[in-house]
Amino acid sequence: MRRMVLQVLRSYLKDRIVLIFTYYVGILLTVILSWLDMLGQGLGFMKPENLIYLLILSTFILGLGLTFDFMRQRRFLMTMVQMSNNTNPDLQEIIGMASGTTEEQKWTHGALHHQYRAYMDQLNALQLSQEQQHHFTNQWVHHMKTPVSVIDLHIQETKNSGQLEETKSALTSIQEENERIRLGLEMMLHTARLDKFEFDLHVQRIDLIALVRQVINEHKKACIHGGIFPKVECDEPLIEIETDEKWMRFILNQLIINAIKYSKLKPGTKQLTIRAARSEDSAETILRVIDTGIGIAAHDLPRVIEPFFTGENGRKGPESTGMGLFLVHEVIQKLGAHIAFESTEGEGTTVTLRFRSTGIYHEVLKKPIFQ
């Protein structure tokens, strides 16, 4: 402790050498001017013992001032030295540090606390992101086990059966499970790419209706098995938007997969409508994905974009990860568009996407790459 006090005292005096030097220069100039004034009046200079007394008195007053100032700042200076000498620094030390007495020390204290809060916010965001990634990875691995087990079961059944119909049925089931694996892999890849979204972005004008039809065709078999009849409605022969085709395909895939997943749980035939139109002022392109499935409970609707939230519907089937709509929401925001959800339980769900007819390209590209 004593060693630290001496270290602080040396540092304190070292920082005030200029002030001490200036103080003695001021006294010297005062003595010289007084001597010159006395010579001009024909008076002799002060006695040497008086000059020595003046210097001693001035040094004593300076010492008192420095001592008072040091004791006033001692707590803050000790804290700073202790933090700088600590070989195992702890961020929590910033919270307990003295606030300081001088304005400069208060600024330093405030700046450190501000940086500490900013750092902790970034650290918490990073930890949350890692936890979400870890949780999603665990869920993804768990869901991938199911199709792998089903494929293995069908292979064993096919080996033990010589009937052609059973073989065809097994191969069809294997194909469905393989599609689930493919979609799961795509979900994992898009989740990994989301943090570096700007590096994987190519904005161009695309034919929205043609893209919608392509995505629907990819899920034609799933629609047939679920008794779902897809329909594309558009008042114009061509509607183009500025966006990234790959990410837009991912968005449509997720929305249509969700519509099929929760529509097939409802008995009977169902309708899946994808409707595209311009707004009245032509400033926006509006795309609606409308299903007539089981719908979403009113208390679950505000939370559907939260990561890993599956709600009541997620408990009705084993395929829900709670990440699909979360990723869609994140990508839509990054593309400069908007998404909204409407649903009536037991009747169906409508997802509305709104794209600017112009300006999306510039809005996306003007965002900083490094954030």
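Is glutamate 236 buried, partly exposed or exposed, and what is the relative accessibility that decides this? At 32% relative accessibility, glutamate 236 counts as partly exposed, where buried means under 20% relative accessible area, exposed over 50% and partly exposed in between (1.4 Å probe, protein chains only).

The model is a predicted one, in which local features need pLDDT of at least 70 and side-chain atom pairs count only at pLDDT 80 or more, while totals for chains, interfaces and linings use all residues. Residues are numbered from 1 along each chain as its sequence is written, and side-chain values use heavy atoms, with hydrogens and water left out.

The protein chain contains 12 helices and 7 strands; helices (H or I, at least four residues) and strands (E, at least two) are DSSP runs numbered from the N terminus. Of its 371 residues, 36% count as buried. The chain exposes about 22900 Å², of which carbon and sulfur atoms supply 58%; accessible areas come from the Shrake-Rupley method with a 1.4 Å probe, and for residues only the protein chains shown count as cover. Among the contacts in the protein chain with a separation of 6 or more, 71% are between residues 24 or more positions apart, a contact being heavy atoms within 4.5 Å.

Salt bridges, defined by a side-chain nitrogen of Lys or Arg within 4 Å of a carboxyl oxygen of Asp or Glu, number 11. One of them joins the side chains of glutamate 236 and arginine 278, at 3.9 Å from N to O. Glutamate 236 lies in the loop between strand 2 (228-234) and strand 3 (240-244) and arginine 278 in strand 4 (residues 270-278), so this pair ties together parts that are 42 residues apart in sequence. Arginine 278 is partly exposed, at 27% relative accessibility. Another salt bridge is formed by glutamate 233 and lysine 231, with the closest N and O atoms 3.1 Å apart. The relative accessible area of glutamate 233 is 25%, which makes this residue partly exposed, and lysine 231 is partly exposed at 37%.

The side chains of glutamate 218 and arginine 249 also meet in a salt bridge (3.1 Å, N to O). Because glutamate 218 lies in helix 7 (residues 208-218) and arginine 249 in helix 9, the pair ties together parts that are 31 residues apart in sequence. Glutamate 218 is partly exposed, with 38% relative accessibility.

A network of salt bridges links Arg16, Asp69 and Arg72. Arginine 16 is placed in the loop between helix 1 and helix 2 and counts as buried at 17% relative accessibility. Apart from neighbours within four places in sequence, arginine 16 is in contact with Leu66, Asp69 and Gln73. With glutamine 73 there is a side-chain to side-chain polar contact of 3.4 Å. A polar contact is a pair of N or O atoms within 3.5 Å; within protein, one must be able to donate a hydrogen and the other to accept it, and residues adjacent in sequence count only if both atoms are side-chain atoms.

A further polar contact, of 3.0 Å, is made between the side chains of glutamate 284 and arginine 354. Glutamate 284 is found in strand 5 (residues 284-291) and is partly exposed at 25% relative accessibility. The C-alpha atoms of glutamate 284 and alanine 337 are separated by 9.6 Å, the two residues being 53 residues apart along the chain.

The structure holds 3 aromatic pairs. Rings of Phe, Tyr and Trp (its six-membered ring) pair if their centres lie within 6.5 Å; planes under 30 degrees apart count as stacked, over 60 as edge-to-face and the rest as tilted. The rings of tyrosine 12 and phenylalanine 70 have centres 5.3 Å apart and planes at 65°, so this pair is edge-to-face. Tyrosine 12 lies in helix 1 (residues 2-15) and phenylalanine 70 in helix 3 (residues 48-85), so the pair ties together parts that are 58 residues apart in sequence. Both residues, tyrosine 12 and phenylalanine 70, are buried. The pair of tryptophan 247 and phenylalanine 250 is likewise edge-to-face, because the ring centres are 6.0 Å apart and the planes stand at 85°. Tryptophan 247 and phenylalanine 250 are 3 residues apart in helix 9 (residues 245-263), and are therefore separated by about one helical turn. Tryptophan 247 and phenylalanine 250 are both buried.
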